[in-house]
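Take a look at the structure below. Keep it in view as you read.

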Amino acid sequence: GKRIVVTRSIEQAGELIEMLEERGAEAIPAPTIQIAPPEDADALGRACDEASTFDWIVFTSGNGVEYFMERLLATSDVRELKGVRICTIGPSTASRVARYGIRVELTPAEFRAEAVVDALKATGGDLRGKRFLLPRADIARDLLAEALREAGAFVLDVAAYRTTPARADRDGGPDIYRMLLDRQIDAVTFTSASTVRNFVTRLGLDQAVDLLGSTVVASIGPVTAEAAQQLNIATNVMPRRYTIPALVHALVEHVATSTLAETYTRKSR
């Protein structure tokens with residue numbers, strides 16, 4: 001019976017919505033971002049054509065996998081990646097790669113630039129002179145690329161897709177502002193820094209801070225939570241693993257704990 005807002009893009013929201021509904025929640029789609037092809041498709045094409053020359057390809061999202069593989073398979077096949085080692089950020093991204101029959105060499109336990117570089121060093125040794133390809137979002141943070149370059153690696157950081165604000169005027173879409181104002185929302189989920197920023201932009205900073213202060217904010221991981229914190233929005237729920245199933249599990253645990261606390265308070269009175 002809990003009403004939970006899903007700010008993910010339409011293309012990505014299905015898994016989260018399905019898992020919430022399976023647990024009895026009312027999932028309310030309110031996409032704040034949309035995924036689009038890169039502005040410079042030729043740059044991605046050149047990166048795909050040169051894929052076999054890299055020592056490592058690092059995928060930081062499922063979207064990066066899909067757009068890269070779509071372009072690669074348009075002119076070649078997965079054999080181009082023979083001998084190239086694959087690193088993925090998070091198990092969900094790793095599963096996207098596995099769908100293409102490609103072996104994932106490394107999935108670091110933690111997604112911080114320094115932690116990823118340390119994991120790469122532990123797996124592949126000295127990174128000096130190694131060639132890395134990073135097919136990512138156009139707005140991806142530069143920390144990982146910079147950390148790899150500081151370790152002596154050559155890095156080609158190419159935009160595989162664009163993340164743009166979703167239109168707020170969907171016909172028949174829920175009035176999230178009004179629902180938050182009327183305390184009809186139990187939780188709002190954020191799965192990337194861009195979902196946070198675009199959600200706040202849509203509502204207005206002061207209004208978003210005020211309205212989200214009276215509901216549960218669930219962030220999928222520390223990067224997303226940090227983006228929220230920079231806007232003075234506190235994260236109440238964050239899973240230990242930065243995946244959609246873990247986010248849902250963390251929400252379930254939060255609701256159960258809150259229910260127990262409310263019951264105890266009532267009995268104490």
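The paragraphs below go from the core to the aromatic pairs, a helix pair and some loops.

This is a predicted model. Begin inside. In soluble globular proteins, nonpolar side chains tend to be buried together. The largest nonpolar core here has 25 residues. Ile57, Phe59, Phe68, Met69, Leu81, Ile86 and Leu133 touch the most other members. Helix H3 gives the largest share, five residues.

Now pick out Leu133. Which residues does Leu133 touch, leaving aside those up to four places away in sequence? They are Ala47, Phe54, Trp56, Ile57, Val58, Phe68, Leu156 and Val158. There is also a second, separate core, with 20 residues. Cys87, Val117, Phe132 and Ala153 are among them.

Next come the aromatic rings. How many aromatic pairs does a search of the whole structure find? The search finds four. One of the pairs joins Trp56 and Phe132. Their ring centres are 6.4 Å apart. Their planes meet at 5°, so this pair is stacked. Trp56 belongs to strand S4 and Phe132 to strand S6. The pair therefore ties together parts that are 76 residues apart in sequence. Are these two residues buried or exposed? Trp56 is buried, because its relative accessible area is 1%, under the 20% limit. Phe132 has 0% relative accessibility, so Phe132 counts as buried too.

Phe59 and Phe68 form another aromatic pair. This pair is edge-to-face. The centres lie 5.5 Å apart, with 65° between the planes. Phe59 is buried, with a relative accessible area of 2%. Phe68 is buried as well, at 0%.

Move on to two helices. Two packed helices are described by the angle between their axes and the distance between the axes. Take helix H8 (residues 193-203) and helix H9 (residues 205-212). Their axes come within 6 Å and cross at roughly 110°. H8 and H9 are therefore roughly perpendicular to each other. Which residues meet? From H8 come Phe199, Val200 and Leu203. From H9 come Leu205, Gln207, Ala208, Leu211 and Leu212. Sorted by class, this contact has seven nonpolar residues, one polar residue and no charged residues.

Finish with the loops. Ala25 sits in the loop between helix H1 (14-22) and strand S2 (26-29). Ala25 is buried, because its relative accessible area is 16%, under the 20% limit. What does Ala25 touch, not counting residues up to four places away in sequence? Its contacts are Gly1, Lys2, Ile4 and Leu20. Ala25 and Ile4 are 21 residues apart along the chain, and their C-alpha atoms are separated by 6.9 Å.

Most residues other than glycine have a negative phi. Arg183 has a positive phi, near 60°. Arg183 lies in the loop between helix H7 (176-181) and strand S8 (187-190). Its relative accessible area is 61%, so Arg183 is exposed. Asn232 also has a positive phi, near 65°. Asn232 is in the loop between helix H10 (222-230) and helix H11 (244-268). Asn232 is exposed, with a relative accessible area of 59%.

Notes
Residues are numbered from 1 along each chain as its sequence is written. This is a predicted model: local features need pLDDT of at least 70, side-chain atom pairs count only at pLDDT 80 or more; totals for chains, interfaces and linings use all residues. Side-chain values use heavy atoms; hydrogens and water are left out. A nonpolar core is a set of buried Ala, Val, Leu, Ile, Met, Phe, Trp, Tyr and Cys residues joined through side-chain atoms within 4.5 Å. Buried means under 20% relative accessible area, exposed over 50%, partly exposed in between (1.4 Å probe, protein chains only). Helices (H or I, at least four residues) and strands (E, at least two) are DSSP runs, numbered from the N terminus. Contact means heavy atoms within 4.5 Å. Axes are lines fitted to C-alpha atoms, for helices over the stretch in contact, and angles run from 0 to 180 degrees between N-to-C directions. Angles under 35 degrees count as roughly parallel, over 145 as roughly antiparallel, 65 to 115 as roughly perpendicular and the rest as oblique. Ala, Val, Leu, Ile, Met, Phe, Trp, Tyr, Cys and Pro count as nonpolar, Asp, Glu, Lys and Arg as charged, and the others, Gly among them, as polar. Rings of Phe, Tyr and Trp (its six-membered ring) pair if their centres lie within 6.5 Å; planes under 30 degrees apart count as stacked, over 60 as edge-to-face and the rest as tilted.
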